[in-house]
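User: I am new to this structure and would like to learn how to read it. Could you walk me through a few features?

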Amino acid sequence: MILSMTGFGRAESVFEGKKVTVEIKSLNSKSFDLNIRLPLRYKEKEFDIRKILNDGIMRGKVDCYINCETLDDCNDVKINRELVKSYINELRSLADDAPEFEYLKMAVRMPEAISSRPDELDEEEWNYLAALLEEAIVKFTEFRKTEGQNLALELSKNIESIKGYLAAVEPFEGERIAHIRERYQATLKEFENLDETRFYQEMAYFTEKLDISEEKVRLAQHLKYYVEVMDNEELNGKKLGFISQEMGREINTLGSKANHAEIQKLVVMMKDDLEKIKEQTLNVL
C-alpha cells in the first residue's frame with residue numbers, strides 16, 4: 001500500500017477550561033520540513049512536539065497549528081491592586097489636578113499592573129496535549145491512506161497504458177528491419193564495384209545497433225517491479241522514483257533506436273504516461 005504525502009488531520013478537546021485544537025496538513029517534499037505554530041504556554045515542549053510529529057509523519061512539507069482557547073467562564077486575568085494604587089498615588093503626587101479616572105487609566109498601563117495568573121504547564125496537561133497530537137496524526141494518516149489509494153489507481157492505470165504501448169511495438173519491428181534492408185539494397189544497386197561482403201557485414205552491424213529487444217525486456221521488468229514495490233513495500237516513494245527514472249532511460253533508448261514513425265509515436269505516448277507517473281510518484285510517501 002502506498003501513502004500520499006498530502007494529508008490533513010484535526011483533533012480538539014477541552015482540558016480544565018481550555019479548548020485545545022491541533023491541526024496538521026502537509027504537501028510533498030523530499031524531506032521532513034515542519035512549520036509549527038503554538039501558544040506561548042506550550043513553547044517549552046516544542047522539541048517534544050516536533051519529535052512526535054516527525055515520528056508520525058516522517059516526510060513532507062508539514063504545517064502544524066496548535067491553539068489553546070480559554071473558555072468564557074474562565075478568568076485568568078489578575079489585577080495587581082496594590083501596585084495599581086501605588087501607581088495612582090505616585091501620579092497624583094506629580095499632578096493633583098487631574099480627574100481620578102485619568103490616574104487609573106495611566107496606572108493600568110504601567111508594568112505588571114495587569115497580568116495573567118501564574119499557570120505553568122504541568123505533566124497532566126502535557127500528557128493530554130501529547131495524546132491529542134497522536135489523535136490528529138491518526139486522522140492525518142487515514143487521510144494519507146485514502147489519498148494513497150487514489151494515487152495507486154492512477155499509477156496502475158498509467159503503468160498498464162505503457163505496457164499496452166510496449167506490446168504495440170512488436171508488430172512494427174520486423175517491418176522496420178525489412179524496410180531498412182530494402183532501402184540499403186536499393187542503394188547498393190546504384191553503385192558499381194562495391195564489396196558486397198563488406199556491405200552486408202556493415203548492414204548486419206547497423207541492424208544489430210537498431211535492435212530494441214533488450215530495451216523492451218528491461219522496460220517490461222521495470223514496469224513489473226514498479227507495481228510490486230507499490231503493492232508490497234511501505235514508505236516506497238523514493239524507491240518508486242528511482243524505478244521511474246530507469247523506465248525513462250529505456251523508453252528514451254527505445255525511441256533513439258526506433259527509426260520507424262509508428263514506433264516513434266508509441267514512444268511519445270509512453271513518455272507522456274511516464275511523465276504522469278513521475279509527477280504522481282513525487283506525492284508518494
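Here we look at a sheet and then at some salt bridges.

Analyst: This is a predicted model, where local features need pLDDT of at least 70, side-chain atom pairs count only at pLDDT 80 or more, and totals for chains, interfaces and linings use all residues. Residues are numbered from 1 along each chain as its sequence is written, and side-chain values use heavy atoms, with hydrogens and water left out.

User: In what order do the four strands form the open sheet?

Analyst: Strands (DSSP runs of E, at least two residues) are numbered from the N terminus, and two of them pair if DSSP finds at least two bridges between them. Here the order is β1-β2-β4-β3, with mixed pairing. Because β1 (7-15) and β3 (32-37) stand at the edges with a single partner strand each, one side of each has no neighbour in the sheet. β3 and β4 (residues 60-70) run parallel, joined by six bridges; in β4, Gly60 is the bridge partner of Phe32.

User: How many salt bridges are there?

Analyst: Side chains of opposite charge can pair when their charged atoms come close. The rule asks for a side-chain nitrogen of Lys or Arg within 4 Å of a carboxyl oxygen of Asp or Glu, and the count comes to 20. One of them joins Glu154 and Lys157, at 3.5 Å from N to O.
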